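I am opening a notebook on a structure that is new to me, and I will write down what I look up in the order in which I look it up.

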Amino acid sequence: MKIHDDHLYHGAALIQIAEHKRFTAINSLKVGRDVSRVAYCVNDNIAVYLKYATKPQGKFNEYTFTFNKDHITDLQKIHSKNEKAFIALVCVKDRQICCLSYEEFLRLQKAREDDAGKREDSLSVLVVAPPGKSLRVYVNAAGVKKMSVGKIILPRNRFPDVLFDL
């Protein structure tokens, strides 16, 4: 069987989850009637949606994670059916996993929407991993270069513990 990139990069996150002391099970997650290739159910009540970016881009060394309309709809469905929902963003070159709760993702989406003055069909979430510092997660301001909105600072060691926190 051929190994796809998502197998490799999602596997990095899934192994860390499986090695956690509170881990008991991991299964594929259904979104609607289909089994998702990017979402998993951990311990029967935690949904994890995975995306990866292989290397940072541009002047600001940002990993870009684009959520199109279908991704956003899938996340809404996942959140509505699961007690806890998270988005794990695998930053391959820096070997970091940036984990957002669904509520944090919604804050980023709202920050962009408020700045743009409208809801958009897609959302690009940017992650920066400065050496020796916490991860920076944000969205770009609408129509303005070099300006971000909705910045969230997350510790590098947040994942996978945040999944299992009560």
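**Entry 1: salt bridges**

I searched the whole structure for salt bridges, and the search returned 5 of them. I keep in mind throughout that this is a predicted model.

I began with Asp 6 and Arg 37, whose side chains meet in a salt bridge with 2.8 Å from N to O. Asp 6 belongs to helix 1 and Arg 37 to strand 2, so this pair ties together parts that are 31 residues apart in sequence.

I next looked up Arg 112, which forms a salt bridge with Glu 120, the closest N and O atoms being 2.7 Å apart. Arg 112 is buried, with a relative accessible area of 18%, whereas Glu 120 is partly exposed at 26%.

I also noted a salt bridge between the side chains of Arg 119 and Glu 113, at 3.1 Å from N to O. Here Arg 119 is exposed, with a relative accessible area of 53%, while Glu 113 counts as partly exposed at 26% relative accessibility.

**Entry 2: the sheet and its helices**

I followed the pairing of strand 1 with strand 2 (residues 34–42), which run antiparallel and are joined by 5 bridges. Within this pairing I found Asn 27 standing opposite Cys 41 of strand 2.

Which residues is Ile 78 in contact with, once its neighbours within four places in sequence are left aside? They are Leu 29, Val 31, Ala 39, Ala 47, Tyr 49 and Ala 85. I also looked up the C-alpha atoms of Ile 78 and Tyr 102, which are separated by 9.6 Å although the residues are 24 apart along the chain.

**Entry 3: aromatic rings**

I looked for aromatic pairs, and the count comes to 4. The rings of Tyr 9 and Tyr 52 have their centres 4.7 Å apart and their planes at 50 degrees, so I recorded this pair as tilted. Because Tyr 9 lies in helix 1 and Tyr 52 in strand 3, the pair ties together parts that are 43 residues apart in sequence. Tyr 52 is partly exposed, with a relative accessible area of 29%.

A further tilted pair is that of Tyr 49 and Phe 67, with 6.4 Å centre to centre and 35 degrees between the planes. This pair links distant parts of the chain, with Tyr 49 in strand 3 and Phe 67 in strand 4 (residues 63–67), 18 residues apart. I checked the accessibility of both residues, and found that Tyr 49 and Phe 67 are buried. Tyr 49 and Phe 67 also belong, with Tyr 102 and Phe 105, to one aromatic cluster. I noted that the charged end of Lys 51 sits over the ring of Phe 67, 5.1 Å from its centre.

**Entry 4: strand 4**

I stayed with strand 4 and asked which of its residues make up the covered face and which the uncovered one. Tyr 63, Phe 65 and Phe 67 form the covered face, and Thr 64 and Thr 66 the uncovered one. I set beside this the general point that side chains in a regular strand alternate between the two faces of the sheet.

Last, I looked up the partner of strand 4, and found that 5 bridges join it to strand 7 (residues 123–128), the two running antiparallel. The bridge partner of Thr 64 in strand 7 is Leu 126.

Terms used:
Residues numbered from 1 in each chain as written. Predicted model: local features only at pLDDT ≥ 70, side-chain atom pairs only at ≥ 80, totals over all residues. Heavy atoms only, no water. Pairing = 2+ DSSP bridges. Helix = DSSP H or I, 4+ residues; strand = E, 2+ residues; numbered from the N terminus. Phe/Tyr/Trp six-rings, centres within 6.5 Å; stacked < 30°, edge-to-face > 60°. Buried < 20%, exposed > 50% of the residue type's maximum accessible area, 1.4 Å probe, protein only. Lys NZ or Arg CZ within 6 Å of the ring centre and 35° of its normal. Salt bridge = Lys/Arg side-chain N within 4 Å of Asp/Glu carboxyl O. Contact = heavy atoms within 4.5 Å.
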